[in-house]
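Here is a brief report on one protein model. Please look over the sequence and the structure before reading on.

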Amino acid sequence: MRFACEWRDDSGNRFRSYGNENWEFDSNGLMHHRHASINDMPIKESERRFRWDFSRPRPLDLPRLTALGM
């Protein structure tokens, strides 16, 4: 899976985390291996690309990562 997310720390500094993850599941459907490569990059408020009310699901019309230049 390829992913990107944005977050802020307790001091209000903003970051974008992005990378790749590979998951393996056992016969019960439980994850038994997770391999991840994750990068954290500091960003400014003006550089945010994900803006919606996070108490709701991701909007269906939000552009995919490739369209966002990621």
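## First strand pairing

This is a predicted model. Strand β1 is joined to β2, residues 14-25, by 7 bridges. The two strands run antiparallel.

W7 has F15 of β2 as its bridge partner. A4 is bridged to Y18, also in β2. The hairpin of β1 and β2 leaves 5 residues between the strands. Within this hairpin, G12 adopts a positive phi near 90°.

β2 and β3 form a hairpin, with 5 residues between them. G29 lies in the turn and has a positive phi of about 85°.

## The sheet as a whole

Together, 3 strands make an open, antiparallel sheet in the order β1-β2-β3. Its edge strands are β1, residues 2-8, and β3, residues 31-43. Each of these edge strands pairs on one side only. Neighbouring strands are turned by 25° against each other on average, direction ignored.

## Nonpolar core

Which residues form the largest nonpolar core? There are 5: A4, F50, L62, L65 and L68.

F50 has contacts beyond its neighbours within four places in sequence.

Note on methods:
Residues are numbered from 1 along each chain as its sequence is written. This is a predicted model: local features need pLDDT of at least 70, side-chain atom pairs count only at pLDDT 80 or more; totals for chains, interfaces and linings use all residues. Side-chain values use heavy atoms; hydrogens and water are left out. Two strands pair if DSSP finds at least two bridges between them. Helices (H or I, at least four residues) and strands (E, at least two) are DSSP runs, numbered from the N terminus. Axes are lines fitted to C-alpha atoms, for helices over the stretch in contact, and angles run from 0 to 180 degrees between N-to-C directions. A nonpolar core is a set of buried Ala, Val, Leu, Ile, Met, Phe, Trp, Tyr and Cys residues joined through side-chain atoms within 4.5 Å. Buried means under 20% relative accessible area, exposed over 50%, partly exposed in between (1.4 Å probe, protein chains only). Contact means heavy atoms within 4.5 Å.
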